[in-house]
Amino acid sequence: MSTLPKPSLSQNGQVTVVLGSQWGDEGKGKLTDMLAGEMDICARCAGGNNAGHTIVANVGPEQVKTKFDFHLLPSGLVNPRCVGFIGSGVVVHVPSFFSEMDTLEKKGLKCDNRLFLSDRAHLVFDFHQVVDGLKEVELGGSSIGTTKKGIGPAYSSKASRSGLRVHHLYDFDTFAQKFRKLVEARFKRYGNFEYDTEGEIARYRAFAERLRPFVVDGVTFIHSMLSSNRRVLVEGANALMLDLDYGTYPFVTSSSTGIGGVCTGLGIPPQSIGKVIGVTKAYTSRVGAGPFPTELNDDIMTHLQEVGAEYGTTTGRRRRCGWLDMVMLRYSCLINGYTCLNLTKLDVLDGLKELKVATNYMINGKELASFPADLSMLAKVEVVYKTFPGWEGPISEVTEYQQLPQTCREYVEFIEDFLGIPIEWIGVGPGRQSMLHRPIANK
């Protein structure tokens, strides 16, 4: 008899999803951390260790304030009662899995019996990372600016049906044969770069045994959780504008970073999803190459970078910064269907005399209907801005929405009205306590 749980009506609306609405780095980790305290499962559905979420939390009996950098593992693990799950849509670099887990445990977070990995997840190998760098060199001036974590080449192996998945580790002779063929194909494509194929196979034999207690049938696992009325939080990686289909292609990641990737990456039906929270920075940033219509190159950009600590968690690269782009956000809202928003880093705008928000794109005097697919067209747009007065601040000590300066509230409410989506959370500082909650039912 099958051990798969039967679908249950109790699954409807049981899953809460947190997604990035811009180009990533919106501050998803803090909201995920806050919500994870109310959840039973925190799941990753796409991407790999190219993600980067920083969380500061109190740990241990003495409640020591500790900083955690998450890349591959679900950041909900900060809550010791929350189970972490890495779904089938994620690509997994096993050495990074263990390195990150070991670092968490040294800082006081135990992962035994509360971290699980789908057997259908694809594997990222060190040769994928080498190839990632070689591809960037090959592109030269047109380089995409990847994190060089091997994510793109791993998804390429997956799409070409030559990839290796977690379950392959448990038929090791077959794994070794397939692995040699994979590496040999890369040698033919890129030349014989330095790589110890047999040494890597031996390393993965040891990894396989250490990994075994974490591996589960991902479909059975997540549906068993839903059938037993467990509350599931999905932590999105990257953001909509880096989506393989809907982002600024080819300056994107290699996975589905939107709401569709949640269903395919975890193997859950759409009706199981309830709340979809879009995390939106109060301005715009992106790391790496690619178009950026509202990008600044002046003192205001420097203010946003320095005050906002705009440096990548994964790469350490300085992020490009610019004004909030409502054309892009409206496009993001259409695709992901956010039920509410979390506006983050509003305090970074403290002290600016005036603020601008992009409301339209124009080409030759005509307004574009949406965010264009053609990057050559995007490069030609004239951005139309609406200007707002700034506020003196600081707002980081504010504990209720009505305590914000009037001009600050006008800025927030314009965003809300323009998009037609309520802003339920507002970040006014880096600390966990610096998140204002505006319950939607009370508005």
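**Strand 9 and its partner.** I started at serine 118, whose bridge partner in strand 9 is valine 216. This is a predicted model, so I keep that in mind for everything below. Strand 7, residues 115-118, pairs with strand 9 in the parallel sense, over 2 bridges.

How many strands form it, and in what order? I count 10 strands in an open sheet, ordered 9-7-5-2-10-1-11-15-19-20, and the pairing is mixed. Which are the edge strands? They are strand 9 (215-216) and strand 20 (435-437), each pairing on one side only.

I then looked at helix 7, residues 218-227. Helix 7 lies across strand 1, strand 2, strand 5 (83-86), strand 7, strand 9 and strand 10 (232-235). Against strand 5, helix 7 runs at about 140°.

**Two helices crossing.** Helix 5 (residues 172-190) and helix 6 (residues 197-211) were my next stop: their axes come within 10 Å and cross at roughly 145°. The crossing of helix 5 past helix 6 is right-handed. On the helix 5 side I noted Phe172, Asp173, Phe175, Ala176, Phe179, Arg180, Val183 and Phe187. Helix 6 brings Thr197, Glu198, Glu200, Ile201, Tyr204 and Arg205 to the contact. Sorted by type, the residues of this contact give 8 nonpolar, 1 polar and 5 charged.

I checked the UniProt record, an unreviewed entry, and it lists Asp25, His53 and Lys158 under "active site". Are these three gathered or spread in space? They are spread: the C-alpha atoms lie up to 26.2 Å apart, and the sequence stretch is 134 residues.

**Aspartate 25.** I found aspartate 25 in the loop between strand 1 (15-20) and helix 1 (28-36). Why does aspartate 25 count as partly exposed? Its relative accessibility is 23%, so it falls in that class. Beyond its neighbours within four places in sequence, aspartate 25 is in contact with Lys281, Ser285, Val287 and Arg319.

**Lysine 158.** Lysine 158 belongs to helix 4, residues 151-159. I have lysine 158 down as partly exposed because its relative accessibility is 31%. Leaving aside neighbours within four places in sequence, I get Ser88, Gly89, His122 and Gly163 as the contacts of lysine 158.

Glycine 52 is in the loop between strand 2 (41-44) and strand 3 (53-59). With a relative accessibility of 22%, glycine 52 counts as partly exposed.

Conventions
Residues are numbered from 1 along each chain as its sequence is written. This is a predicted model: local features need pLDDT of at least 70, side-chain atom pairs count only at pLDDT 80 or more; totals for chains, interfaces and linings use all residues. Side-chain values use heavy atoms; hydrogens and water are left out. UniProt positions are given in the numbering used here, feature names are shortened, and annotations may be inferred rather than shown by experiment. Helices (H or I, at least four residues) and strands (E, at least two) are DSSP runs, numbered from the N terminus. Buried means under 20% relative accessible area, exposed over 50%, partly exposed in between (1.4 Å probe, protein chains only). Contact means heavy atoms within 4.5 Å. Axes are lines fitted to C-alpha atoms, for helices over the stretch in contact, and angles run from 0 to 180 degrees between N-to-C directions. A crossing is left-handed if the near helix is turned anticlockwise from the far one by less than a right angle, and right-handed if clockwise. Ala, Val, Leu, Ile, Met, Phe, Trp, Tyr, Cys and Pro count as nonpolar, Asp, Glu, Lys and Arg as charged, and the others, Gly among them, as polar. Two strands pair if DSSP finds at least two bridges between them.
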